[in-house]
Amino acid sequence: MAPQRKLAAGNWKMNGLSGQLSEIDALVGSHADAGCEILICPPATLIAPMADRADGRIAVGGQDCHAEAKGAHTGDLSAAMLKDAGATYVITGHSERRADHGESDAVVRAKTEAAWEAGLAAIVCIGETLDQREADETIAVIDAQLGGSIPDGATGENLVIAYEPVWAIGTGKVPTIDQIAEVHDHIRKTLADRFGEGTAQDVRLLYGGSVKPDNAKEIFAVDNVDGALVGGASLKAADFGGIIEALDG
């Protein structure tokens with residue numbers, strides 16, 4: 001398999017009305033020819049219109065999916081529904097889902113399996129809290145989340161892993177370069193031990209947590225960082241564009 005392109009992924013979270021689709025027009029106009037892959041995960045209400053406007057020039061994804069393909073789950077969306085709306089990716093296990101909705105590793109694993117069954121690539125999020133970091137439990141937490149959240153059958157096509165230290169999301173705090181490198185190196189080794197060296201190299205590892213244009217270049221220079229999962233800075237094409245350019249550089 002040819003090496004995967006680096007990935008700049010934006011998670012809009014619970015932000016964005018139809019008027020914000022102009023940001024996609026701007027992003028397509030300025031960065032459709034970028035060397036890296038570009039992905040935006042908007043709220044579900046915008047997936048279909050965003051996919052129409054992006055027209056394959058940037059990828060569109062969902063922020064969550066239900067583990068079941070269909071059924072009596074009021075307010076939930078299946079992975080197949082996301083794909084039908086134009087998504088090619090879905091985020092699973094984001095720390096805000098784990099914390100706000102009590103999602104366990106087993107739930108994340110089931111959602112990831114559902115994503116694969118529907119033909120979506122899953123971006124599985126892992127990361128430690130500040131208390132866990134200060135207690136020197138980071139690697140143990142990462143190991144538990146990797147083992148519990150990722151199903152068998154992972155490939156470079158169906159899996160992306162995003163390391164997002166919970167304490168760095170939206171806080172402006174960023175781990176040191178050495179801390180990022182330690183975790184990403186460990187993730188790669190753990191994947192190699194479980195799935196083999198070839199698959200481990202194919203799976204893209206993203207860093208997420210207060211990534212901005214002014215710190216992106218330094219982060220992307222770290223070994224085993226293959227891109228970023230970006231929150232607030234992805235809402236504006238001008239800000240996200242700076243991160244894309246840093247990844248391309």
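**Surface, fold and pockets**

Modeller: The protein's accessible surface comes to about 10,900 Å², with 50% of it belonging to carbon and sulfur atoms; areas are Shrake-Rupley values with a 1.4 Å probe. This is a predicted model, where local features need pLDDT of at least 70, side-chain atom pairs need 80 or more, and totals for chains, interfaces and linings use all residues. Residues are numbered from 1 along each chain as its sequence is written, and side-chain values use heavy atoms, leaving out hydrogens and water.

Colleague: What makes a residue count as buried, and what share of the protein is that?

Modeller: Buried means under 20% relative accessible area (1.4 Å probe, protein chains only). Of the 249 residues, 51% are buried.

Colleague: What makes a pocket a pocket here?

Modeller: On a 1 Å grid over the protein atoms alone, a pocket is an open set of points with protein on both sides within 12 Å along at least five of seven lines, and lining residues have an atom within 4 Å of a point. The largest pocket has a volume of about 540 Å³. Its lining has 22 residues, with Lys13, Gln63, Asp64, Arg97 and His101 closest to the centre.

Definitions and conventions: On a 1 Å grid over the protein atoms alone, a cavity is a set of points where a 1.4 Å probe fits but cannot get out, and a pocket is an open set with protein on both sides within 12 Å along at least five of seven lines; lining residues have an atom within 4 Å of a point. Grid points are joined across faces, edges and corners, and a volume is the space filled by probe spheres set on the points. Buried means under 20% relative accessible area, exposed over 50%, partly exposed in between (1.4 Å probe, protein chains only).
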